[in-house]
Every structure is written in C-alpha cells, then in structure tokens.
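Please work through each task before turning to its solution.

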Amino acid sequence: MSKLEVKYPLHTQEILNVNGNEAIAYAVKQSLVDVVSAYPITPQTIIVEKFSEFVADGLVHTEFVPVESEHSAMSACVGAAAAGARAFTATSSQGLALMVEIVYIASALRLPIVMAVANRALSAPINIHNDHSDAYLMRDAGWVQLFTENVQETYDTTIQAFRIAEDERVLLPVAVNLDGFFLSHTLENIRVLPDNAVAEFLGGYRKVAKLGVDYYEEQVPHMLNPARPLTFGSLDLYDYYFEHKVQQVEAMKNVPGVVREVNEKWFELTGRRYGDGVIDAYGVEDADIVVVAMGSGAGTVRSVVKKYRERGEKLGLVRIRMFRPFPYEEVRSLLRGVKAVAIMDKGIGPGSFGALYQDVVSSLYDLGSHPLTVDYVYGLGGRDLTPELVVKMIEQVKEDVKTGRVKEKIRYLGVRG
Amino acid sequence: MVVKTIPEFPVKKGEPAYKIWMFEPGWKGEIPLNFNLRQVAEQKRSALLPGHRLCAGCAAPIVVKLASFAFRGPTIVVNATGCLEVATTIFPYTSWAVPWIHNAFENAASTASGVESAIKALKKTGRLPYEHVDVVVFAGDGGTFDIGFQALSGMAERGHDVLYILYDNEAYMNTGIQRSGGTPKYAATTTSPAGEVIPGKPESKKPIADIMVAHRIPYVATATPAHWMDFMKKVRKGLEANGPAFIHSLSSCDRGWRHDNAISIEVLRRAVDTCYFPLWEWTPEVGYMLTDRSLVIARNPSLKQPIEKFVEVQGRFRHLMKPENKEKLKELQEYVDKVWEDLLKRASNAPK
C-alpha cells in the first residue's frame, strides 16, 4: 500500500512527548472508556495519575473508581464490563498477583476488559523494576497478552486492544504489556491520532455482543440488562464446566486472525504496523541463528542482529508480539531449517524452563529436524540488557552450532557468580 | 418512547414468572411498596423464582424474596459466593428473574461498585434506557464480616449507590458450618466445636452493622425476615438512600444452628425478643432508631426474654444448657444485656 492511501498520513498526526504510561492514559482517554478502576502500584501508577487528570478536568465521561486494592480493581472491571461498559485497568507485579483470581474470572465470563500491565518483577525479594514474571503469572488465565517494544507501539496497541477484545469473534480480555521503566517511564516522541479517528476506529462506544439464550426468542445482549435479565457467573459442575472451558479455547483460536486484521486496519489508518500483528520478525528468512524475544529487549537485540547481518552473518530476530494465544504454527514455520534458536526469557521458572522457551520448543517439536535451543534468562529485576550481553549470547550460540550440541539448556545472561 | 406500565402487573396466568422482571427500554415509574400480604403473594413479584436448591428451612431465600418485594424497578443483583449463589444458579438453571452476577467470594461490593459506575457512565452518555437502575448485593457473613470486608469498606468509603444486604447465618454454612467473624460466642461450629476444654467459639460476634455506621454512609439497618414489614420498609429506604446502604439481616440456618426446620422464623423472632439481635436503623441525620419489636421492648422492658429462649432451641448451643456451663450462659446474657443497654443509650427514640 502506498503512503498516499494512509488515511491519516504522518504529518497529520500530532506529536506528543510522553512516556509509555502517559501514552496509555492518552490512548484510554481517546478510546471512550466508560469505567476505569485502578489502584496505584509502581511502575504503572502514572497511567492512573494521568488519567485522573483527564477526569478532573472533565475531558472524559469516564467513571474513575479509585479502589482499595487491585483485587477490587479487576472486580469492578468485571462488574462494569458485565453491565455493558467499556472498562480498563492497569497494574504491575504484586498488583497483578493479588488480582489474579479475578483475572481468570474476567476471561471466563467473556468480558472484553483491557488491562495495561507495566511489567515488573514479582516479590520476593521486593523489586520495582522490569521483568516479565508478572505476565508469565497470568499466561494460563485466558487473556490475550500483547507485548510492546516502544512507546509508540504501546499507544497503538492500547487502542487496538479494545477493538480486539470487543470483536464478536473474540470477546476476551486483553492485556497490553509494557516493560516497567524501560517503556513506562521513558520519554519518546510519538504520533497520535485525532480523537475522532480513534472513536471511529473503535466504532464509538462499546457495542455489547448478542447471544442466544434458550428462554428468549431473540438474541439478547450479553450483559446485565433489565430488559432481558441474564445470570452471570453461575455454578457450573462436571456436567458443563468442561464444555465452557473448551469454548474459551475456541474463542482463543479466533484471536490471531483478529489481531492481524486489526494490525492491518491500523496500518491503513496510521501507516504503522507491527509485523503481522502476531509476530514481528527480522532477518529470519535466511537465518542460521534466530533470537526469540518479547518487549523492549527486542529492540536491543534487533540493533545487534542488524550489525551481524551487515557483516554478512545470517542472524534473525523473532519478536513475539502476541504471547497469548501463542503463535505456535507461525513460530514453527519461521524457525524451520534454522540451526539454533536462542529464546530470551525475562522471567524464571524455578525447576523448569522460562515460559517463552517452553512455548517455542513446543512449537518446534513437530519439525522433522530440530534446531538447537537454549533458554537465555536475562534482565530479572530490571537488570539491563546491554548490546554486549546480546553479543555474548550470540557468540555462545555460534559456538553451540559449531560443536553441534548445547551443554546447558538454561543460561543466565548478565548474572554474577 | 416511554413505557409507563409496570410489566404485567400482576403476572398473567400461564406466563413465565421471570417476565415480570423484564423492563422494556424506556420503562419509567416505580413499583409501589405493598404491605397487603394477599396482594404481595398474588403478584409473585419475587426476584428469586421457585426451583432453587436451598435447604428446607433456610431463611436466605426469604430474605431475598422480601427484599425483592421492595425493589423499585429495574434492579441488578450482585451475589457473593455462598449458599445462596450455589443453590440458585446451578447451570443450566437459574432462579434469578433479575440481571444477576456472581464474581467471587470477597468482591461482591467491588463488583457492585463497577456495575454502579457503569450505570452512571451509560446514563451520562445517554445509553441507559431507564431513569434509574438499582444495584443490590446479597452476601453472607463470611463474604461480609471476613473475606469481603475490605471490598465492602472500600465501597462504602467511595460512596457507591449500592444497597448491600448481608444475610447472616453466623458461620460458613456453604462449606459446612465453620466459624466466621459473625459466629456468636460459645456457638459450636465444625472449626469451633464444643470440646472438653473449649466450649464452642471463644470470641464474640463482630458488630458489623455498627462498623458500617462508623463509615457514616447514608443508611444502615438491622432486620430479620421474621419482621417482614420492617424488613421491606428498610430495603426500600436503603434503595432510596443516596449512596451506600447496608442492611444486616439475621438469617437462620437449620443445618448449622441445629434447629427444627419448621421453626426458622420462630428462631429469628426469638433473636429479637431476647435482644440478642435488636432491630434498628441509623441515618447520619437522626442516628440510631429502634424499630418494630425492639422499639416495643424498649418501651416495655418486661417483654424482653432471657437469652435461654434463643439458645434452647438450637443444637449449636446445646452444651450451654448443661449445668456445668451455667456460668457461660450467664456470661452470654450479660453480654447481650450490655449491648442492648448501649443501644438504648444511643437510640434517639428509646424511652430515657
């Protein structure tokens, strides 16, 4: 598509100098959100601070519910979304851990809530800085989990998230992950759409999907509706629970298609897209060694990979943008014929592998010949990922390719001792 | 488009009962509060329909029915996990004729906060097809005194326009009669059994309604389904209050209290007659006011029954009737008397 066909060409998009949190608050302001319910936690807090300013200045119609805990934040979002509202919350680390009980309920009730997760390490030891252990905590919660690489993508993805969540083929909550401090607190010049363009992209206020219920003749809105009362959250025993859980899985199957579609629609609107929306790959076509990463660290890896490629070395990067549902087939086809894969996990699974490693290796199992794989655990508790560390990792993997085997399946990047 | 009639009032013969709770968009008005028992019965205007699986003798469905007789119009119900929730919504069935949501155990109040906020946002943007939608919570003592207390306190502090009705059966009945913050002193439960050394729960009941008074919300009351007219009036007042309202209803549980299932209402009547559970209401303007039977007792103290009258019909207090526990019973009486005396001092309509 030529540049001319972009509906809002770059020069028509206002430039904002904001950090990732402010970018999200701005995106939420434009997304006609009805209820925002949140509790302060570093490094997410700026999102709700900034949003409270919009509320205090009368710039939004949103009801802001400053709850007394993250558990209540997600609970209020469930109530609000069930009552037909577009609902948003934001959290990090311990906050996510506290609310996780309701995180599972939100997805099982098929409520299109959007949550920003400013990723931060889980206690103990207590730490406020970035890693992905909080996102890993909710990987089986039935949410769509998107990871962003920079502030611009964080803004774009937040708006996209509402459209993905509310799509009738999906009706699942979406988590937008941004690396704590690396993105949440880092200023970047971003391009934003005018308010009406965002409203149009989302189709205005939330439109509640309809469903068939045996005691109503017509399709009825999937909400707490005095016109057509429904029961939400009933007791579901061995005779139905299993089927309902499988229905969640079925909905998840529709997600990649919708994410790709929304990515393309966004491109038509703004001229920006992130790979195919699911995976943002670089240099993989001819690569012998591929690095798989998520979040802001992928930017560092890309710059290093670029330098290697300039020297003629066949390296590639697969940035997983959509971590849940995990794009198994796409990963498998991208990594077919690769000699070695370094999977970068910004989270740890004591007694097992990192979550990303497990998913990537599961994707590879059905291949006839398997590449060597190594789990690189890096950046825990906010430890910086320097280009030197990426080089060290790549050199190690090159050595593995030479010897044809990997001695340690898990390596810790940038740890002392 | 304004629909002025109450939907099918009274219910049409042969029509499914849930239809009386379907308010077409644009519905305006207010269902009148009706104390004519015959009419109330004929209207069948209960939010809880027959077919639920609560135990015979359980007072919880009576609490819900009486409350819903006092609903004003479109109402959304939020239910904490508990007997009421599990026994009324076993998929694919539901006994609820009104929009109803169960989220989890400890978050009924915060879920209701979200529902109420959504209603406000929809109204602000012209998307609410009604003048008003009431939000009512039903939660048990576990979900209110204990695990749900934080959410409740937060909801009260933030001033959400929600009526929270606590049906207090004084233990975790759904999991099999374990002690809660609402269990009275010396009651035997499965985690505070009456043993050789410890005679039931050693601690007293948390004064939850007084704690809600301390939040200075617009309306707090105590009630029992045995005092049905008082109960319905209080529910309507709670709905009319401009902000959070809290009603603490005692709710007998024949399985947990170990009484005959035919006397559930009688036990509740005795709870009030002995001043174990006085009936009152509180508003920030007037303070404490005794109501119904408790006001009668305040005016004529000779009507006050000894605590034995409440204790003797319940197996959970059986050990208190043994001669060696005479002192314990006396202690319980003294505690009840003290709380009652305190209330008399505070109640503006109690004879001084």
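A residue is called buried if 20 or more other C-beta atoms lie within 10 Å of its own, exposed if 12 or fewer do, and partly exposed in between, the C-beta atoms being placed from the backbone. Helices (H or I, at least four residues) and strands (E, at least two) are DSSP runs, numbered from the N terminus. This is a predicted model, in which local features need pLDDT of at least 70 and side-chain atom pairs count only at pLDDT 80 or more, while totals for chains, interfaces and linings use all residues. Residues are numbered from 1 along each chain as its sequence is written, and chains are lettered from A and ligands numbered from 1 in the order in which they are written.

**Exercise 1. Burial of a helix**

Determine which residues of helix 6 of chain B are buried, and find what covers them.

Solution. Step one is to take helix 6 of chain B, residues 149-158, and apply the burial criterion, which picks out Ala151(B), Leu152(B), Gly154(B), Met155(B), Ala156(B) and Arg158(B). Step two is to recall that an α-helix has 3.6 residues a turn, so residues three or four places apart point the same way. Step three is to look for the cover by contacts, two residues being in contact if their C-beta atoms, placed from the backbone, lie within 7 Å. Chain A contributes to this cover with strand 3 (63-66) and helix 3 (70-82), and chain B with elements including helix 4 (108-124), helix 5 (142-146), strand 4 and helix 7 (208-214). Finally, just after helix 6 of chain B, Gly159(B) takes a positive phi of about 75°.

**Exercise 2. A sheet with strands from both chains**

**Exercise 3. The contact between the chains**

Work out how many residues of chain B are in contact with chain A, and which helix of chain B supplies the largest share.

Solution. A count of contacts gives 47 residues of chain B against 41 residues of chain A. At least two residues of the chain B side come from each of strand 1, helix 3 (83-88), strand 2 (100-102), helix 4 and helix 6 of chain B, and the largest share, 13 residues, belongs to helix 4 of chain B. For the confidence of the prediction, the complex has an ipTM of 0.97 and a pTM of 0.97.

**Exercise 4. A sheet within chain A**

Trace the open sheet of six strands in chain A, and locate the helices that lie across strand 16 of chain A.

Solution. The order is 12-14-13-16-17-18, with mixed pairing. Strand 12 (279-282) and strand 18 (410-413) of chain A each have a single partner strand, so one side of each is left without a neighbour in the sheet. Inside the sheet, strand 16 (residues 340-345) and strand 17 (residues 372-378) of chain A run parallel and are joined by six bridges, with Ile343(A) opposite Asp375(A). For the helices, axes are lines fitted to C-alpha atoms, for helices over the stretch in contact, and angles run from 0 to 180 degrees between N-to-C directions. Helix 9 (residues 297-310) of chain A, which lies across strand 16 among others, runs at about 165° to strand 14 of chain A, and helix 12 (residues 387-403) of chain A, likewise across strand 16, runs at about 160° to strand 17 of chain A.

Note on methods: Pairing = 2+ DSSP bridges.
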